[in-house]
Every structure is written in structure tokens, then in C-alpha cells.
Amino acid sequence: MERLTAVVPYELAGMRLDQVLAEVFSDYSRTRLQTWVKSGRVTVNGRVLKAKDKLDGGEEITLEAEDEVVVESEPQDIPLDIVYEDDSLLIVNKPAGLVVHPAAGNWDGTLLNALLHHDPHLETLPRAGIVHRIDKETSGLLMIAKTLQAHNSLTQQLQEREITREYLAITRGRMTAGGTIDEPIGRHPTDRKRYAVRESGKHAVTHYRVLKRFAQHTFIQVMLETGRTHQIRVHMAHIRYPLLGDPVYGGRFQMPPNCGERLETELRNFKRQALHAAKLGLLHPVTDEYLEWEQPLPEDMQRLLEALEDNERR
């Protein structure tokens with residue numbers, strides 16, 4: 001049994017208890033939440049209410065969530081690069097090429113399957129404790145909750161934009177300066193597998209700064225304020241500095257002028273977007289202590305940078 005608490009946002013004032021629960025504890029199904037309401041596992045300011053009772057906003061909801069199997073995927077012995085682990089939190093460094101969560105075309109061999117093998121208890125948590133995702137071909141840091149309390153805490157921190165997430169990336173094109181991209185992102189109007197900047201999309205903000213300029217490329221640091229699907233890739237392509245190697249948003253492959261043999265080899269062999277989740281910071285869900293982790297560039301991106309630097313010296 002896990003005891004979770006949340007304060008009802010005032011913008012939900014006037015809504016029924018079951019509707020508020022679906023918003024505040026969105027990791028659980030409406031059916032499961034309604035079952036807990038009927039069994040008295042949900043209290044509002046210490047009182048047991050009915051699902052149809054309306055709330056004013058500002059109340060404290062306490063939910064006694066019961067462990068049960070909610071993940072049906074199979075455990076698989078896939079190596080994990082564990083950066084940090086305790087009783088409530090797991091931080092992993094995901095390699096490029098590893099899918100985070102099973103989906104069409106990738107029903108197994110994912111990070112989720114590896115997590116279930118590492119800790120079978122994770123089958124009782126939504127998405128085996130995975131709180132956020134990075135794309136298959138993006139490398140870097142991911143946080144996983146090991147308890148319902150931790151999952152609730154990390155999800156709220158994400159919603160309130162309290163999680164530090166910094167990325168390192170290499171773009172095509174030579175930037176003059178850093179900046180901020182504040183453009184909504186939604187599904188592409190004709191290609192459902194892609195996303196695009198659209199007026200009808202969700203609010204999305206990306207900050208970036210230049211770390212090093214090359215003749216035809218730029219090495220940048222990116223800070224996420226929001227976390228939309230493909231956000232960095234879509235935003236950088238929108239301002240005409242797509243990520244190097246991006247097969248979806250990068251356009252057709254073009255060899256830059258004055259390219260030496262070493263750089264040409266690295267560019268031809270680099271088959272993914274040059275994006276790495278380098279820094280992750282959060283408040284520990286139990287101790288409330290701020291923790292931060294960093295991971296250096298993976299070998300393929302490091303080789304690419306070295307080739308770019310070598311090409312500048314030619």
C-alpha cells in the first residue's frame with residue numbers, strides 16, 4: 001500500500017471528485033480510481049466523499065493506492081547502465097538504439113523489459129516506473145520511480161517544470177547566437193508519425209546556447225522548459241538548424257563543402273540524431289534533497305566532434 005497526496009488545483013474547482021482524481025492521478029485508470037473511491041481509499045481533507053461530489057479547489061486528497069500488476073510485458077535480461085539507485089529511485093544512462101517503451105514495431109527488447117528483469121516489483125507501477133521518455137536514437141539520462149510515492153512526486157515535478165533537463169546536440173548550420181524557441185507543437189497535419197510547429201499544438205519552450213561553432217555545424221546545449229514529443233528535434237528544424245543525422249526532421253543527407261576524409265567518414269556513418277540527454281536534476285521523492293547527474297557524450301558523438309574540430313584545422 002502506498003499513500004499518495006495532492007492538493008486540488010483551483011482551476012479544477014467545480015469538478016466532480018472522480019474527474020479531479022483522473023486529472024491529478026492520471027497514471028491510474030478511471031475504473032481503478034472509482035474502485036478506490038467506493039472502497040474508502042480516497043479522502044478529501046480527511047473525509048470520505050462520493051465520486052459525484054464536487055470540489056472547490058485547494059483541498060488535500062489522500063489516496064491509498066494498492067499494489068497490483070499493471071504491466072503485462074515480459075522481463076528480459078538486457079544490460080542496464082545504472083547511474084544511481086536507491087529504494088525509491090533509479091537513474092539510467094540509455095544507449096542510442098534502445099526503445100524506452102513497447103509500441104507497434106517494438107513489442108520487446110525495450111528499456112521497460114530490462115527494468116522488469118532488474119526489479120520485478122516494477123510491474124506494479126504504471127509503465128514500470130518510467131516517468132518520461134527520450135527517443136530511441138537519443139542517448140542519455142532517464143529517471144525511473146520504484147514506488148508509487150516516487151512516481152507521484154516525479155510526475156508532479158515534471159508537470160510543475162521543476163526537473164532540470166539539459167541536452168547536448170550538434171546541428172547542421174553555423175549559428176550566430178543562442179536563443180529561445182517558444183512555439184506550440186502538435187501532430188503533423190499529414191504524417192501521424194511526425195510532429196510540427198502548429199498553432200493548435202501544445203505550448204513548448206526550448207532554450208539553447210552555442211558551445212562551439214564549426215564551418216557548417218554548431219555544438220549546442222539545450223535546456224527544456226516543457227517536454228513535448230520530439231520537442232528539440234522539431235524546434236531546431238523549425239529555425240532551420242536541424243539536428244545532424246536526424247532521419248525524420250533533418251532533410252536529405254548533404255556532404256558539406258571542404259569536408260576532409262575523416263569528417264566525411266564520420267558523417268556517412270552517423271545514422272541517428274546527434275542528441276544526448278547529458279544532465280538530469282530533481283528533488284528526491286523521499287528526502288526532498290536536490291540531486292543532479294551528468295553523463296558525458298557517448299563515443300559516436302565524441303568522434304563526430306573530434307572530426308569536426310580536426311576539419312577546422314585543415
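Reply:

**Salt bridges and their strands**

Glu166, Lys279, Glu292 and Glu294 are joined in a network of salt bridges, a salt bridge being a side-chain nitrogen of Lys or Arg within 4 Å of a carboxyl oxygen of Asp or Glu. The model is predicted, so local features need pLDDT of at least 70 and side-chain atom pairs count only at pLDDT 80 or more, while totals for chains, interfaces and linings use all residues. Residues are numbered from 1 along each chain as its sequence is written, and side-chain values use heavy atoms, with hydrogens and water left out.

Strands (E, at least two residues) and helices (H or I, at least four) are DSSP runs, numbered from the N terminus. Glu166 counts as buried because its relative accessibility is 16%, where buried means under 20% relative accessible area, exposed over 50% and partly exposed in between, with a 1.4 Å probe and protein chains only. Lys279 is also buried, at 19%.

Lys279 has a salt bridge with Glu294 as well, at 3.9 Å, N to O. Here the partners are 15 residues apart, Lys279 in S13 and Glu294 in strand S14 (residues 290-294). Glu294 is exposed, with a relative accessible area of 53%.

The whole structure holds 16 salt bridges. Another of them joins Arg3 and Glu64, with the closest N and O atoms 2.7 Å apart. Arg3 is in strand S1 (residues 2-7) and Glu64 in strand S3 (residues 60-65), 61 residues apart. Arg3 is exposed at 56% relative accessibility, whereas Glu64 is partly exposed at 26%.

S1 and S3 belong to an open sheet of three strands, in the order S1-S3-S2 with antiparallel pairing. S1 and strand S2 (42-44) each have a single partner strand, so one side of each is left without a neighbour in the sheet. The twist averages 15 degrees from one strand to the next. S1 and S3 pair over six bridges; two strands pair if DSSP finds at least two bridges between them. Glu2 stands opposite Ala65 in S3.

Helix H4 (residues 148-159) lies across S1 and S3, at about 25 degrees to S1. Axes are lines fitted to C-alpha atoms, for helices over the stretch in contact (heavy atoms within 4.5 Å), and angles run from 0 to 180 degrees between N-to-C directions.
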